[in-house]
Amino acid sequence: MMPSNHLQTMRLVLTTCADHTSAEQLARQLLEQRLAACVSLLPVTSLYHWQGELQQEQEVQLVIKTSAEQLPGLLEALTRHHSYEVPELVVLDACAAGSYGAWLLNAVDPR
């Protein structure tokens with residue numbers, strides 16, 4: 001068993017979808033392709049500038065957990081399958097501790 005203080009490098013990718021149905025569909029595609037280990041779906045209110053006007057929308061935030069190795073494929077899939085003209089693609093470097101980190105790397109291993 002891995003020590004609880006052992007850290008695995010990982011990436012968190014944030015994007016938003018217009019509704020829960022499209023967010024869940026996108027999450028399932030990423031998981032089925034093993035590009036993501038886990039995707040959390042969170043309801044959010046987004047305020048942003050778009051085409052010269054201030055917008056406010058109810059959206060679903062996807063918090064996607066993946067490995068550094070799977071990141072390029074994940075970003076390609078998001079760009080290809082996302083319904084937005086300009087999808088949010090925010091990538092954060094992170095670490096996962098202990099057995100969760102090992103699970104995450106195994107979950108995105110294409111075998």
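What follows is a short tour of a predicted model, with a few stops at charged residues.

**Stop one: the lysine**

Start by selecting Lys65, which you'll find in strand S3, running over residues 53-66. Which side chain of opposite charge is nearest to Lys65, and how far away is it? That would be Glu88, and it sits 14 Å away. A salt bridge here needs a side-chain nitrogen within 4 Å of a carboxyl oxygen, so Glu88 doesn't qualify as a partner for Lys65. What you have, then, is a buried lysine with no salt bridge.

The side chains of Lys65 and Ser40 are joined by a polar contact of 2.5 Å.

To see the rest of the surroundings, show the residues that Lys65 touches, leaving out those up to four places away in sequence. Among them are Met10, Leu12, Ala36, Ala37 and Cys38, along with Tyr100 and Leu104. Arg11 is on that list too, and Arg11 is where we go next.

Select Arg11 together with Asp93. Their side chains meet in a salt bridge, at 3.0 Å from N to O. Arg11 belongs to strand S1 (residues 7-17) and Asp93 to strand S4 (residues 90-97), so this pair ties together parts that are 82 residues apart in sequence.

Buried or exposed: what is Arg11? Its relative accessibility is 16%, and the cut-off for buried is under 20%, so Arg11 counts as buried. Asp93, at 62% relative accessibility, counts as exposed.

How many salt bridges does the count come to? The total is 3, and the Arg11–Asp93 pair is one of them.

For another, jump to helix H1, residues 20-32, and pick Glu24 and Arg28. These two are 4 residues apart, about one turn of the helix, and their side chains meet in a salt bridge of 3.2 Å, N to O. Both are partly exposed: Glu24 has a relative accessible area of 30%, while Arg28 has 49%.

Then move on to helix H2, residues 71-81, and select Glu76 and Arg80. Here again the spacing is 4 residues, about one turn of the helix. The closest N and O atoms of this salt bridge are 3.0 Å apart. Arg80 is partly exposed, with a relative accessible area of 48%.

Methods
Residues numbered from 1 in each chain as written. Predicted model: local features only at pLDDT ≥ 70, side-chain atom pairs only at ≥ 80, totals over all residues. Heavy atoms only, no water. Buried < 20%, exposed > 50% of the residue type's maximum accessible area, 1.4 Å probe, protein only. Lys, Arg positive; Asp, Glu negative; His and termini not counted. Polar contact = N/O pair within 3.5 Å; in protein donor to acceptor, adjacent residues only side chain to side chain. Contact = heavy atoms within 4.5 Å.
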